[in-house]
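Subject: Structure for your review

Dear colleague,

Please find the structure below, followed by a summary of what was found in it.

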Amino acid sequence: QVQLVESGGGLVQAGGSLRLSCAASGRSFSRYAMGWFRQAPGKEREFVAAIRWNDGSTTYRDSVKGRFTISRDSAKNSLYLQMNSLKPEDTAVYYCAAAETSASIWTMKSTRFYDYWGQGTQVTVSS
């Protein structure tokens with residue numbers, strides 16, 4: 001069993017920053033990529049950012065480029081999302097996910113690519 005546990009969410013004013021963390025535990029698994037997704041009330045879960053575990057290459061949704069940074073710490077089995085200049089439209093539950101199979105950068109943006117998911121952490125940005 002693989003567990004992914006997110007932390008670091010909370011309430012912040014517009015323009016503020018938060019740093020999300022995702023800790024992986026349980027059985028060891030072949031980690032090709034990890035990603036962050038978010039889901040606002042009444043909306044579908046959407047891609048935010050992803051990182052290839054071995055070479056650190058990253059991809060972002062356009063609306064967060066220049067504001068969010070995804071990173072990983074292999075020694076700690078952890079994934080991070082630094083979120084700066086937060087906007088009210090960033091309000092959502094944020095989920096981390098992990099994938100064991102290789103894929104293109106484009107495929108890494110799809111929820112169907114991922115094998116394991118965390119329970120999510122709420123991020124609320126007030127105006």
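Strands are DSSP runs of E with at least two residues, helices are runs of H or I with at least four residues, and both are numbered from the N terminus. On that basis, the elements of the protein run β-β-β-β-β-β-β-β-β-β-β from the N terminus on. The protein has eleven strands and zero helices. Its radius of gyration, taken over C-alpha atoms, is 14 Å, close to the 14 Å that the globule rule (2.2 Å times the number of residues to the power 0.38) gives for 127 residues, so the protein is as compact as a globular protein of that length.

This is a predicted model, in which local features need pLDDT of at least 70 and side-chain atom pairs count only at pLDDT 80 or more, while totals for chains, interfaces and linings use all residues. Residues are numbered from 1 along each chain as its sequence is written, and side-chain values use heavy atoms, with hydrogens and water left out.

R38 lies in strand β4, which spans residues 33–39, and is buried, with a relative accessible area of 6%.

Yours sincerely

Definitions and conventions. Buried means under 20% relative accessible area, exposed over 50%, partly exposed in between (1.4 Å probe, protein chains only).
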